[in-house]
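Hi everyone, thanks for coming.

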Amino acid sequence: MSTTIVTDSTAYLPEGFAERHGVRVVPLHVSVEGRGGLDGADFGPAELAGALGEHRRVTTSRPTPQELAEVYRSALEGGADGVVSVHLSRELSGTWEAARLAAAEVDAEVGAGRVRVVDSRSAGMGLGFAVLAACAAADDPERAERAAVEAASRVRVFFCVETLDHLRRGGRIGAAAALVGTALAVKPLLHVDDGRIVPLEKVRTMGRAVGRLVDLAAEAAGRGPVGLAVHHLAAPERAAELASRLDDRVPGSTGCLISEVGAVIGAHTGPGVLGVVVLPGGLQ
C-alpha cells in the first residue's frame, strides 16, 4: 500500500523535503492591501516583512475545499491507496475544516476512508514534525495517520514576539492580554496549548526572551533524542544565536533546523518573532 501525505504552507518543512518525499503542499491565501496571492508562491517572508513594516494591511484565509479536493483526487488517480492530510490547528485557521469538507466530497466519489484528515493542534514545525512522522509510515494510510497524531501529541511550541498587536488584530489572542503586554512594554512569551496560542510569561528585553526560550525548550526536551526547530521572521542573526544555544543545552539534539516563517504565520506574529519547536523523543 502507498500513502500520499498532504499538508499546508504553514508547515515550514526543511527545504527540498516535500519534493523528495512526494508531500503535496497546499498554500493558504494571503492578501496585502487587497492584492491577493498564495502563501510561499506569491508572498514570501521578505515581501511580508516589508508590507508589515510599511503598515500595510495583511489578511490571510484558508484554502478552499475545492483546492484541497483537487489535490486528493490527483493523488488517488495517480495510484495512491490513501491520502493523509495533516494541517495546522483548527483553533488557528479554517484549513482543517476545509480539508474535512474536501475529504467527505472525495470519499463520496471513491469510497469512505480513502482520505484521512489530521489536526496537528499546532503550526510551523509543530505541524511539520507530524508530517515527517506520517512520511516515515507512508507504506500504510492508517499507520501514517497514527504516526502523525502521535507526533503531534508530543510537540511543544514556545515563541516570543515584539508586540501582541498582530495576534490581537488577527483574533488569535484576546484584546485584554494584548493591552497588558503593550502597556508594560514587555516582550511576551507564548506557547501553543491544545491548539491555542496562550500567554506564558513576560520579560523586559528580547535578550532575556531568548534565554527563556532556551530554558523552556531544554526542559521540554529532556535528555533523550529530540527534534528541534527554530522559526523567525526578519531576525536571522537572533535565530542563529538561539539555535546555537539550543545545540549546546540540549544533549539529545543532532542539529537544529532554522526556517523563516511565511506570510500566514508572520502576518499574525509580526517581524522579529522568534520561536522554538520541540519534539521530545524525536521522530520514532
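Let's start with a question: is D119 buried or exposed? D119 is buried, with a relative accessible area of 11%; buried means under 20%, exposed over 50%, and partly exposed in between, using a 1.4 Å probe and protein chains only.

A quick word on the background. This is a predicted model, where local features need pLDDT of at least 70, side-chain atom pairs count only at pLDDT 80 or more, and totals for chains, interfaces and linings use all residues. Residues are numbered from 1 along each chain as its sequence is written, and side-chain values use heavy atoms, leaving out hydrogens and water.

Now, the partner of D119 is R90: they form a salt bridge, with the closest N and O atoms 2.8 Å apart. By salt bridge I mean a side-chain nitrogen of Lys or Arg within 4 Å of a carboxyl oxygen of Asp or Glu. D119 lies in strand β7 and R90 in the loop between β6 and α4, so the pair ties together parts 29 residues apart in sequence. Strands (E, at least two residues) and helices (H or I, at least four) are DSSP runs, numbered from the N terminus.

R90 is partly exposed, at 41%. The charged end of R90 also sits over the ring of W96, 3.8 Å from its centre; that label needs CZ of Arg or NZ of Lys within 6 Å of the ring centre and within 35 degrees of the ring normal.

R90 and D119 belong to a salt-bridge network with E91, R121, D194 and R196. How many salt bridges are there by this rule? The count comes to 16.
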